[in-house]
Amino acid sequence: MRYRLTFIAGVALGYVLGTRAGRERYEQLKKSARQFAQNPAVRNTCETAAQSGREFAGKAYHAVGEKVGDKVPASVTDRVRSFRGRGTGNGVGDDWGTTNT
């Protein structure tokens, strides 16, 4: 019984000390990540990458749309939002990401 009680006390002490050290390390990592994310060079690079991705996605959409044309079956066209208004502009004002209620 004495060994069991000693073991349980050791586990409890280790847990408390480990969680305290873990929390301090977590806070330190969180602070470093926040400083990194707020760096202007990092923010500019992220925005540039996002803009390049949007441009590439737009070009890919138009390239695939030209190749596929009207070969998509009506059953698929009814289910895919981007095919519904085909030919009604260049995608400006689309309902991407909105729910259809």
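The legends below describe close-up views of a predicted model of the protein.

**View 1. Overall fold of the predicted model, built from helices.**
The secondary structure comes to four helices and zero strands, and the pattern read along the sequence is α-α-α-α. Of the 101 residues in the protein, 2% are buried. The accessible surface amounts to about 9200 Å², and carbon and sulfur atoms account for 60% of that area.

**View 2. The salt bridge between Arg-23 and Glu-27 in helix α1.**
Helix α1 spans residues 2–37, and within this helix Arg-23 and Glu-27 lie four residues apart, about one turn of the helix. Their side chains meet in a salt bridge with a distance of 3.0 Å from N to O, which is one of two salt bridges that the structure holds. Residues three or four places apart point the same way, because an α-helix has 3.6 residues a turn.

**View 3. Glu-27 and Lys-30, and the network that includes Arg-23.**
The side chain of Glu-27 also meets that of Lys-30 in a salt bridge, here at 3.8 Å from N to O. Lys-30 and Glu-27 both belong to helix α1, where three residues, about one turn of the helix, separate them.

**View 4. Residues 88–92, a segment where pLDDT stays under 50.**
For the protein, the mean pLDDT is 78, and 76% of the residues reach 70 or more. Over residues 88–92, by comparison, pLDDT stays under 50, and the model has one contact for this segment beyond four places in sequence. Where pLDDT is low, the predicted coordinates should not be read in detail.

Note on methods
Residues numbered from 1 in each chain as written. Predicted model: local features only at pLDDT ≥ 70, side-chain atom pairs only at ≥ 80, totals over all residues. Heavy atoms only, no water. Helix = DSSP H or I, 4+ residues; strand = E, 2+ residues; numbered from the N terminus. Buried < 20%, exposed > 50% of the residue type's maximum accessible area, 1.4 Å probe, protein only. Areas by Shrake-Rupley, 256 points an atom, 1.4 Å probe, with all protein chains shown as cover. pLDDT = per-residue confidence, 0-100. Contact = heavy atoms within 4.5 Å. Salt bridge = Lys/Arg side-chain N within 4 Å of Asp/Glu carboxyl O.
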